[in-house]
Amino acid sequence: MTSAFVSDTARDRFHRAYHAALSHLPEPDAEHDVATRYGTVRVYRFGDGAEPPLVLLPGNGATTALWLPNIPVWSQHRTVLAVEPLGDAGPSVQDRPIRTAEDQAAWLADTLDGLEAGPAHLVGVSYGAWLAANLAVHSPDRLASLTLIEPAQVVSRFPVTFLPVALGASRAAPEWLRRRALRWIIGGGSLDTPTGHVSTAVAAGHRTALPPPGLLSDEQLRGLTMPTLLLLGAESRTHDARRTAERARALLPDVRVEVVPGAGHSLSGQRADLVNARVLDFTVSCQE
């Protein structure tokens, strides 16, 4: 079984929101459709600045639209490769079941190989941070650095309070409840934005057939020896930021941790100026 939209109407709703959101980005310098063992992965290239590139992995259902506040800044300084994850909604096409964490690492490794993009600075948000960390576990030589922004299931588990809300955000829930749950997850704010329209369209009409991300073990975290940046929202509802920071400092060999006051799970958009600066400064320091 592979991921898919539940109807043509759902697919059309998503594509309208997706293309409207991406119209707010600079025109990509290139679009790549990279063949992997599990399907074809769409990657947008922005800028032609310093190498290695930034490889961006968005949260579940967020697509490249998540990076509207970030790509215009980062692409002025570095080459940026925005990946549409396989199995999620978007122009990437999954044609083989993805069943394990090893499968997840394989398609992403194939993508970087096809782009000749490694070792790269991987930057992930939420589930995208798990994808980045999972690749770091299985293929550490493909990374120049690892940036985890509000990571999901990497350093800490979802709290018990998160699980019923996640069910409320599923397509089985009525529209009013789904929107309310999504707002709770991101930490408030409006969904009536280009990125919010994409997320609501995905939640309403896309069926994801992917394995749930498993929490990284102590041994796996200790094995991530590449430079790592961890940015957490102090008010995040997807984890306890203080405990997450403590575990990261205790286990990750080469980590910078920052807990941002007043920010929630949508940290990359809520505090875009801070996140943009931290990622650029960090990746520059990794090459000094």
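This is a predicted model: local features need pLDDT of at least 70, side-chain atom pairs count only at pLDDT 80 or more; totals for chains, interfaces and linings use all residues.

Q: How many of the 12 residues of α4 are buried, and what covers them?

A: Buried means under 20% relative accessible area, exposed means over 50%, and partly exposed lies in between (1.4 Å probe, protein chains only). In α4, 10 of the 12 residues are buried, so this helix is largely enclosed by the rest of the structure. The buried residues include Y127, W130, L131 and N134. Their cover includes β4, α3, β7 and β8 (143-149), where contact means heavy atoms within 4.5 Å.

Q: What describes the packing of two helices?

A: Two packed helices are described by the angle between their axes and the distance between the axes. Here helix α3 (residues 101-115) packs on helix α4 (residues 127-138) at an angle of about 85°, with the axes 9 Å apart. That makes α3 roughly perpendicular to α4. The axes are lines fitted to C-alpha atoms, for helices over the stretch in contact, and angles run from 0 to 180 degrees between N-to-C directions; under 35 degrees counts as roughly parallel, over 145 as roughly antiparallel, 65 to 115 as roughly perpendicular and the rest as oblique.

Q: Which residues meet where α3 and α4 are in contact?

A: From α3 come A101, E102, Q104, A105, W107, L108, A109 and L112, and from α4 they meet Y127, W130, L131, N134, L135 and H138. The residues of this contact divide into 10 nonpolar, three polar and one charged, with Ala, Val, Leu, Ile, Met, Phe, Trp, Tyr, Cys and Pro counted as nonpolar, Asp, Glu, Lys and Arg as charged, and the others, Gly among them, as polar.

Q: Is α3 itself enclosed or open, and what follows α3?

A: In α3, 11 of the 15 residues are buried, so the helix is largely enclosed by the rest of the structure. Its buried residues, among them D103, W107 and D110, pack against β2 (30-36), β3 (39-46), β4 (50-57), β5 (78-83), β7 (120-125) and α4. After α3 comes E116, whose phi is positive, near 55°.

Q: Where else is phi positive in a residue other than glycine?

A: Most residues other than glycine have a negative phi, and most peptide bonds are trans. In this model, E150 has a positive phi near 45°, and Q153 has one near 60°. E150 is in the loop between β8 and α5 (162-168), and Q153 has its place in the loop between β8 and α5 as well. E150 counts as buried at 0% relative accessibility, and Q153 counts as buried at 10%.

Q: What does the side chain of R42 make a polar contact with?

A: A polar contact is a pair of N or O atoms within 3.5 Å; within protein, one must be able to donate a hydrogen and the other to accept it, and residues adjacent in sequence count only if both atoms are side-chain atoms. R42 lies in strand β3 and is buried, with a relative accessible area of 15%. The side chain of R42 makes a polar contact with the side chain of D33 (2.6 Å).

Q: What does the side chain of T36 reach, and which residues does T36 touch?

A: T36 lies in strand β2 and counts as buried at 14% relative accessibility. The side chain of T36 reaches the backbone oxygen of G39 at 2.7 Å. Not counting residues up to four places away in sequence, T36 touches V41, L86, W107, D110 and T111.

Definitions and conventions: Residues are numbered from 1 along each chain as its sequence is written. Side-chain values use heavy atoms; hydrogens and water are left out. Helices (H or I, at least four residues) and strands (E, at least two) are DSSP runs, numbered from the N terminus.
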